[in-house]
Amino acid sequence: MVDTLIIGGGAAGCVLAARLSEDPDHTVHLVEAGPVSVDAAALLDATRMPIGPESPWVWRYRVDLAADVVGNIVRGKVIGGSGAINGGYFVRATAADFTAWSKELGGSTRWSFDSVLPAYRRIEHDHDYGDRPGHGTTGPIPVRRTATPAPLSREFASACSTLGLSAIPDLNALPGTGPADGFGPVPCNIEHGRRIDTATAYLAPALARANLTVTGAMLVTRIRFHGTRAVGVDYLHDGKAGTLAADRIVLCAGAIESAVLLLRSGIGDPEQLRALDIPVLHPAPVGAWFSDHPEIGIDYHCDPPLATDAGVPLEYVLELDDVEIRPYAVSFTPYIHRLGVALMRPRSEGVLRLRSADPVVPPLIEYRYLSAAADRIRLREAVTSALAVLHAMPMTHAPESIPELADAWLRANLATSQHLSGTCRMGGADDERAVVDELCRVYGTTGLSVVDPSVIPVPLSRGPKATTVMLAERVSEYLTQGI
């Protein structure tokens, strides 16, 4: 038996494995469904995202984005998780996000911006602004902004300036030290053109510890309980079934797989579980009310064509309150560029449910994008703003305006930012939507926690990577103290 069994070697799992194993008397076992020994240039190259049809390092899910709008999403299935395959975007959540987070906890300050700032500082080595207040220079994650943007990124920044929009040199600056809205270079976890995920920055230096074990290609199928205490897991490895015992279990499998594992283990909606012949351990709203960022894609081309030899897929963004406009610096289709228009604080909420108790059957994921009228209105406004920027780029050929049937146009161009969170929401004991408490412990159980984006109770105004690392860094303190 180990002291702590961590399920999932993604952004959070690698941080927790490294931090908890710092105590030589505390044994840690990290298990990952994908490979853990990977020597692939595609996983290191920060200029590309290895998520194509042939990629062996991803989970693939068919999803319903909106009524009659089907899509597909991918999540990392490799040590490092989605951070090993993404674009390197490493932007902190805003102070307003943490105010909303604290409100979900009845006013608790445990997740206020001031409370989480030390953890944000501890995880980073900001090579551009590390000497500024609120930043760090000794953390394991390198943070840099692109020094030589691609031509398209420069065109975008110039257009924003022409339109009178403010420049934000540091999107991770402390609140109140610069404009709230504007355009700026994206902080990225990049080092010499290499994507530095938490497997590289946190886990790799810890692998020599005698008290740390890491196992790959192991699919955990169910959590075992003695009464309501988590005591181990069932798994499949190399085609064989087995069981692992642990004094404490921490799920870090991501917003989809952590929720699925709780459901298969009897923690969820009793009616839905009984329909699948899953014994009910504890009723909980697992999978309900999740969030993600709906994204409208605007395709355009440039004449003459602009080079797409960008350092990272996304070098600049424009932030307009609850909207992030993304001029992707790489081309997803030859000669066609894409501008992403993402709604960062949507009101529409999704639902995740099991289709089957069989662990190889993927869940049903319904985003229910555009179901809230306010989201449709805001996205139409945001697309109009995005088109204004495109029209200010001299070489750009883009649509003049949104067609009259705006809702139909939104649906036709609808995608997702793949920032799914909130399937195992954090909240107070009297919150009917809560699955875990403010220390990430699963209600109705002992010895079981969830530490990944699934616990985040509000939509974040930025992508979740930096906040996920911060979350794990902060929770590791509580787990180490035995709270």
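Predicted model: local features only at pLDDT ≥ 70, side-chain atom pairs only at ≥ 80, totals over all residues.
Before I start on helix pairs: the axes I use are lines fitted to C-alpha atoms, for helices over the stretch in contact, with angles taken between N-to-C directions.

**Entry 1, H4 on H11.** I looked up helix H4 (residues 113-123) against H11 and found that their axes come within 9 Å and cross at roughly 105°. Angles of 65 to 115 count as roughly perpendicular, so that is what H4 is to H11. On the H4 side I listed Ser115, Val116, Ala119, Tyr120, Arg122 and Ile123. They meet Ala466, Thr467, Val469, Met470, Glu473, Arg474 and Glu477 of H11. I sorted the residues of this contact into 7 nonpolar, 2 polar and 4 charged.

Next I took helix H1 (residues 11-20) with H11 (residues 465-481), whose axes come within 9 Å and cross at roughly 30°. H1 and H11 are therefore roughly parallel, and their crossing is right-handed. From H1, the residues I noted are Ala11, Ala12, Val15, Leu16, Arg19 and Leu20. Their partners in H11 include Val469, Ala472, Glu473 and Leu479. The contact of H1 with H11 splits into 8 nonpolar, 3 polar and 3 charged residues.

Which residues have the most contacts inside the largest nonpolar core? I got Trp111, Ile249, Leu262 and Val451, in a core of 131 residues. I followed up Val451: leaving aside neighbours within four places in sequence, its contacts include Ala12, Leu16, Cys252, Cys440 and Ala472. I also found a second, separate core of 12 residues, with Val91, Ile190, Val312 and Val317 among them.

Terms used:
Residues numbered from 1 in each chain as written. Heavy atoms only, no water. Core = buried A, V, L, I, M, F, W, Y, C linked by side-chain atoms within 4.5 Å. Buried < 20%, exposed > 50% of the residue type's maximum accessible area, 1.4 Å probe, protein only. Contact = heavy atoms within 4.5 Å. Axes fitted to C-alpha atoms, helices over the stretch in contact; angles between N-to-C directions. Helix = DSSP H or I, 4+ residues; strand = E, 2+ residues; numbered from the N terminus. Parallel < 35°, antiparallel > 145°, perpendicular 65-115°, else oblique. Left-handed = near helix turned anticlockwise from the far one by under 90°. Nonpolar A, V, L, I, M, F, W, Y, C, P; charged D, E, K, R; others polar.
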